[in-house]
Structures are given as structure tokens and as C-alpha cells.
Amino acid sequence: MSISQRLQDLGISLPPVAVPAAAYVPFVRTGNLVFLSGHIAKKDGKPWVGQLGRDMDTATGREAARAIAIDLMGTLQAAVGDLSKVRRIVKVMSLVNSTPDFTEQHLVTNGASELFAQVFGDQVGAHARSAFGVAQIPMGACVEIELIAEVE
């Protein structure tokens, strides 16, 4: 099954690349690697604000991470023209806006990781990963994720 068919079956349409909010570019390609800048969680087109362990639970954080994965795939598609050119999701780094006692950053990040596996398959979608708890994310967003992919 093609990636576009998997996205369609999941009811996902990829968004256009978001305009950067500061002095950076959405992606950089060097050789066969594409580095995507951090994408913050958005809900209804606005930053998805909240702090895990204070006013947001793990399940909602997972939804936010999944939403970011969709945005990341939109940017990746813009970077390479066609997601079928992705050979491997290499690395995902997730920053979770969380209280000092919140320890489920890895479970929040699963919202993105599991979607990458669904869309790209186990071989291409499986990736190395880091998930960190941080005191704050720009614009008060609950989660920010960046990605590195190997492409044709």
C-alpha cells in the first residue's frame, strides 16, 4: 500500500509548510538527510498550549504529538516532493512542556512515533528517539518535535 493511501485510510491530509516564527528555515537537506526544524503542537491553527502534569494529561499530550507528526510529514513532503522517497525516519527528538514531577514524556512522544510507523511501515518508520521534559516551549506549546529523515 502506498504512503498516500495509508494517509487517506487514516483520514489525514498533510498541511502546507508553516511559515517559521523566528530566524530559521523549516528544513535543511544535506546529502541524503533532511533535518526538520522543531514543530510545535497546534490545535485549530493556534499553539496547543498546556503543561503536562499541570493542566494536560498524557493522553492529550499523545494527541498533540500525533498532530505534530502530521505537520512534520507535511514539511517532509515539501522537502522531498513525495513521501515515497523517504528511506528511513532516522531520529525524532521530542520536548514535552511538563512539570518537574511528570515522567511520561516517552508516552506522550509515542503519539508521533506510532503514527510514523503506521504511515511508513515498521522498517522505514522505526527510529531512534529522545524525549525530554522541559520547563517551557515557545508560545507555551505543550510539545515540540524535530525529525531527521534519510531520503532518496
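These notebook entries record what I looked up in the predicted model shown above.

**Basis.** I number residues from 1 along each chain as its sequence is written, and side-chain values use heavy atoms, with hydrogens and water left out. Because the model is predicted, local features need pLDDT of at least 70 and side-chain atom pairs count only at pLDDT 80 or more, while totals for chains, interfaces and linings use all residues.

**Entry 1, the sheet.** I took helices (H or I, at least four residues) and strands (E, at least two) as DSSP runs numbered from the N terminus. Two strands count as paired if DSSP finds at least two bridges between them. On these terms I find an open sheet of 5 strands, ordered S1-S2-S7-S5-S6, with mixed pairing. S1 and strand S6 (128-134) are at the edges with a single partner strand each, so one side of each is left without a neighbour in the sheet. Direction ignored, neighbouring strands of this sheet are turned by 15° against each other on average; the axes are lines fitted to C-alpha atoms (for helices over the stretch in contact), with angles from 0 to 180 degrees between N-to-C directions.

**Entry 2, the pairs in turn.** I began with S1 (residues 27-30), which runs antiparallel to S2 and is joined to S2 by 4 bridges. Thr 30 has Leu 33 of S2 as its bridge partner. The hairpin of S1 and S2 has 2 residues between the strands, and Gly 31 there takes a positive phi near 60°. S2 also pairs with S7 (residues 143-151), antiparallel, over 6 bridges; here His 39 is partnered by Ile 145 in S7. S7 is in turn joined to S5 by 9 bridges, again antiparallel, and Met 93 stands opposite Glu 146 in S7. S5 (residues 86-97) and S6 run parallel, with 7 bridges. In S6, Ala 131 stands opposite Ser 94, and Ala 128 is the bridge partner of Lys 91.

I compared end-to-end C-alpha distances with the expected span, 1.5 Å times one less than the number of residues. H2, of 23 residues, reaches 32 Å, close to the 33 Å expected. Gly 81 follows H2 and has a positive phi, near 90°. What does H3 (residues 105-125) span between its end C-alpha atoms? H3 spans only 20 Å, whereas a straight helix of 21 residues would span 30 Å. I also note a kink of about 95° in H3, centred on Val 119; the bend at a residue is the angle between axes fitted to the seven residues ending there and the seven starting there.

I defined a pocket, on a 1 Å grid over the protein atoms alone, as an open set of points where a 1.4 Å probe fits, with protein on both sides within 12 Å along at least five of seven lines; lining residues have an atom within 4 Å of a point. Points are joined across faces, edges and corners, and volume is the space filled by probe spheres set on them. The largest pocket has a volume of about 330 Å³. Of its 18 lining residues, Ala 21, Tyr 24, Gly 38, His 39 and Ile 40 are the closest to its centre. S2 (33-40) and H2 (58-80) each supply at least two lining residues, and S2 gives the most, with 4 residues.
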